[in-house]
Amino acid sequence: RRTETLLTVSNEVSPRLQAALLARAGDFAMMQDDFPRAVELLDASIALARETDDRETLTYALGWRGITTRYLGNNELSRQLLEQAVALARAAAVPLWEPLGLMVLAGVTYQLGDDAGASTLVEEAHALCGVRHNVWVTTHTLNLMGSLAMKRRDYARADALFRENLVLAQE
């Protein structure tokens, strides 16, 4: 509700702040499973962020839009949006979205049936998490790496990854 209230007065703030508010509201809508509203808000944020050349907000909006699209079952569009978000995260130095985007992109790639591509992406995300001390994304990378190991029937590696994930999640 607060976000919606902010949006009603968002035309009174700078276009860059309006784009950021729209992106955050889209993220909140997605977390509340209001996917149609999330798409509407995120698309508006993407358009405004492009118009104002706000690369950081564009990175977040594209990333959240990619995740929303994944929840809606369109993995191909999700892949495209996440690839854009990761490229922007690298170019605009948005530290969270590079490993997060790579991790989600790895999951989408896995769902699209490209296990080798997913493995490469999740390993890269995992390495970035270690460098940046990103525990939250690390737990997700370990889970996906464990799932990939299970699929390859590398049960010892899967067990080690899942155990490491459990220990890390409890810290």
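Reply: A helix here is a DSSP run of H or I with at least four residues, numbered from the N terminus. The model is predicted, with local features needing pLDDT of at least 70 and side-chain atom pairs pLDDT 80 or more, while totals for chains, interfaces and linings use all residues. Residues are numbered from 1 along each chain as its sequence is written, and side-chain values use heavy atoms, without hydrogens and water.

Arg79 is partly exposed, because its relative accessible area is 22% (buried is under 20%, exposed over 50%, partly exposed in between, with a 1.4 Å probe and protein chains only). Glu76, at 34%, also counts as partly exposed.

Helix α2 holds another such pair, Asp27 and Arg24, again 3 residues apart and about one turn of the helix. Here the N to O distance is 2.8 Å. Asp27 has 5% relative accessibility and therefore counts as buried, whereas Arg24, at 36%, is partly exposed.

A further salt bridge joins the side chains of Arg90 and Glu98, at 2.7 Å from N to O. Arg90 is partly exposed at 41% relative accessibility, while Glu98 is buried at 10%. Both residues belong to a network of salt bridges that also links Glu124 and Arg132.

Key: Salt bridge = Lys/Arg side-chain N within 4 Å of Asp/Glu carboxyl O. Helix = DSSP H or I, 4+ residues; strand = E, 2+ residues; numbered from the N terminus.
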